[in-house]
Amino acid sequence: MKARLNYRTIAPDGYKAMLGLEEYLENCGLELSLKNLVVLRASQINHCAYCIDMHTKDLRAMGETEQRLYLLN
C-alpha cells in the first residue's frame, strides 16, 4: 500500500513526540494488553481503519477477549 503522506517529513516534531510517547509506554510498566487497548482506543478516536484493524488483530493474537475488544469504544 502506498503511503498517502510522509508524516515524518511533514511534521518531524510531532513524529519525534509520538516516538517519545511510544518509548515511554514501552518502559513504564503498564501491562502489555492494557497498553495495546489504549493504542487501539486512540486509533478508534482518530478514525484510522487501518490501525484499528491492525491493533485488533494483534490483540486477538495475544489472547485478548472479544468482550473487552467490543466494549472498548
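Is the crossing of α3 and α4 left-handed or right-handed? In this predicted model, α3 and α4 cross in the left-handed sense.

Let me place that pair in context. The protein has five helices and zero strands, and from the N terminus on its elements run α-α-α-α-α. Taken along the principal axes, the C-alpha atoms fill a box of roughly 40 × 30 × 20 Å.

I return to the helix pair. Two packed helices are described by the angle between their axes and the distance between the axes. Here, the axes of α3 and α4 come within 9 Å, and their crossing angle is roughly 160 degrees. Angles over 145 degrees count as roughly antiparallel, and α3 and α4 are therefore roughly antiparallel to each other.

Which residues meet at this contact? From α3 come Ser33, Asn36, Leu37, Val39, Leu40, Ser43 and Gln44, and from α4 come Cys51, Ile52, His55, Thr56 and Leu59. By class, the contact of α3 with α4 comprises six nonpolar and six polar residues, with no charged residues.

I turn now to the largest pocket. Its volume is about 1,000 Å³, and 24 residues line it. Nearest the centre of the pocket lie Tyr7, Met18, Cys48, Cys51 and Met54. The elements giving two or more residues to the lining are α1 (7–10), α2 (12–27), α3 (32–45) and α4 (49–61). The lining divides into 15 nonpolar, four polar and five charged residues.

Technical notes
Residues are numbered from 1 along each chain as its sequence is written. This is a predicted model: local features need pLDDT of at least 70, side-chain atom pairs count only at pLDDT 80 or more; totals for chains, interfaces and linings use all residues. Side-chain values use heavy atoms; hydrogens and water are left out. On a 1 Å grid over the protein atoms alone, a cavity is a set of points where a 1.4 Å probe fits but cannot get out, and a pocket is an open set with protein on both sides within 12 Å along at least five of seven lines; lining residues have an atom within 4 Å of a point. Grid points are joined across faces, edges and corners, and a volume is the space filled by probe spheres set on the points. Helices (H or I, at least four residues) and strands (E, at least two) are DSSP runs, numbered from the N terminus. Ala, Val, Leu, Ile, Met, Phe, Trp, Tyr, Cys and Pro count as nonpolar, Asp, Glu, Lys and Arg as charged, and the others, Gly among them, as polar. Axes are lines fitted to C-alpha atoms, for helices over the stretch in contact, and angles run from 0 to 180 degrees between N-to-C directions. Angles under 35 degrees count as roughly parallel, over 145 as roughly antiparallel, 65 to 115 as roughly perpendicular and the rest as oblique. A crossing is left-handed if the near helix is turned anticlockwise from the far one by less than a right angle, and right-handed if clockwise. Contact means heavy atoms within 4.5 Å.
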